[in-house]
Amino acid sequence: AVPTLGGNPRRIVAGHAVAPSPDGNAIYFTKVGTREIFRANRDGMGEEQVFALDAAQPISRILPYPDGRRLFVVTASGVSQLEQFHAYVADLEKKTAEDLGLVKGEPTDVEWEKASKSVLFSRTVNGLTNIWKFNVKDKALAQVTFGTGPDAWPMPDPAGKGLYVVSGKSSGLLTAYNTRTKQSMDI
């Protein structure tokens, strides 16, 4: 944990793919090379395994659903990690996982666009890296940003007014991209 307003960082858990629970009282995480998901309180105490995913590859990203009962889980490893990931919806109460299949895209920057409905991530097609959307219900893919990019690490604006991305364009500026108007604005 690194205080946003300054201070000393501190270790909370020995793991990665850390994600806060929707109520902020716990954190989910996995351990390197495993397919297990753990939960601890927000201080890292009381660690417990809450799910074991029956997957061929280790977990690389965890996104909790707003209901606190399910997790969107991304698995990837090796060379494929740069090109594709496998998506699952893990139900913590029923201890079941719905396999959403293989998705062509970058597994490390997957982020909710609309919690429980769609995720955003970067994807390279014909040498151009842009942000794409994966609809959880119908598994449809749609391109969100356009242009030369490269665009990565999508961050939806909390007010719903656009999308922040890390762009590989050499500008030295933080740029906001409005998905509705398809225009960029330097901040």
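These questions and answers go through labels given to residues and pairs in a predicted model.

Me: Are Phe29 and Phe38 buried or exposed, and how do you know?
Reply: Phe29 has 0% relative accessibility. Phe38 has a relative accessible area of 10%. Buried means under 20%, so Phe29 and Phe38 are buried.

Me: What makes the pair Phe72 and Trp112 tilted?
Reply: The centres lie 5.6 Å apart, with the planes at 55°. Stacked would need under 30 degrees and edge-to-face over 60, so tilted is what remains.

Me: Which parts of the chain does the pair Phe72 and Trp112 tie together?
Reply: Phe72 belongs to strand β6 (residues 70-75) and Trp112 to strand β9, so the parts joined are 40 residues apart in sequence. Phe72 and Trp112 are buried. With Tyr65 they form one aromatic cluster.

Me: How many aromatic pairs are there by this rule?
Reply: Four.

Me: Why is the contact of Glu111 and Arg61 called a salt bridge?
Reply: N to O is 2.8 Å. The cut-off is 4 Å, so the contact qualifies. The pair links distant parts of the chain, with Glu111 in strand β9 and Arg61 in strand β5 (residues 59-64), 50 residues apart.

Me: Why do Glu111 and Arg61 get their accessibility labels?
Reply: Arg61 is at 15% relative accessibility, under 20%, so Arg61 is buried. Glu111 is at 26%, between 20% and 50%, so Glu111 is partly exposed.

Me: What makes Glu48 and Arg39 a salt bridge?
Reply: Their closest N and O atoms are 3.2 Å apart. That is within 4 Å, so the label holds. Glu48 is partly exposed at 38%, and Arg39 is partly exposed at 26%.

Me: Which residues join the network that includes Asp67 and Arg70?
Reply: Start with the pair itself. Asp67 and Arg70 meet in a salt bridge at 2.8 Å, N to O. Salt bridges that share partners then join Asp67, Arg69, Arg70 and Glu93 into one network. Over the whole structure, the search finds eight salt bridges.

Me: Why is Lys117 called exposed?
Reply: Its relative accessibility is 52%. Exposed means over 50%, so Lys117 qualifies. Lys117 sits in the loop between β9 (111-114) and β10 (118-125).

Me: Which residues gather with Lys117 in a patch of positive charge on the surface?
Reply: Lys114, Lys137 and Arg180 gather there with Lys117.

Me: What makes the phi of Lys139 and of Trp153 worth a note?
Reply: Most residues other than glycine have a negative phi. Lys139 is not a glycine, yet its phi is positive, about 60°. Trp153 is not a glycine either, and its phi is positive at about 50°.

Me: Where do Lys139 and Trp153 lie?
Reply: Lys139 is in the loop between β11 (128-135) and β12 (141-143). Trp153 is in strand β13 (residues 151-156).

Me: Why are Lys139 and Trp153 called partly exposed?
Reply: Lys139 is at 40% relative accessibility. Trp153 is at 44%.

Terms used:
Residues numbered from 1 in each chain as written. Predicted model: local features only at pLDDT ≥ 70, side-chain atom pairs only at ≥ 80, totals over all residues. Heavy atoms only, no water. Patch = residues over 30% accessible without salt bridge, like charges linked within 9 Å, V, L, I, M, F, W, Y side chains within 5 Å. Areas by Shrake-Rupley, 256 points an atom, 1.4 Å probe, with all protein chains shown as cover. Salt bridge = Lys/Arg side-chain N within 4 Å of Asp/Glu carboxyl O. Lys, Arg positive; Asp, Glu negative; His and termini not counted. Charge placed at Lys NZ, Arg CZ, Asp CG, Glu CD. Helix = DSSP H or I, 4+ residues; strand = E, 2+ residues; numbered from the N terminus. Buried < 20%, exposed > 50% of the residue type's maximum accessible area, 1.4 Å probe, protein only. Phe/Tyr/Trp six-rings, centres within 6.5 Å; stacked < 30°, edge-to-face > 60°.
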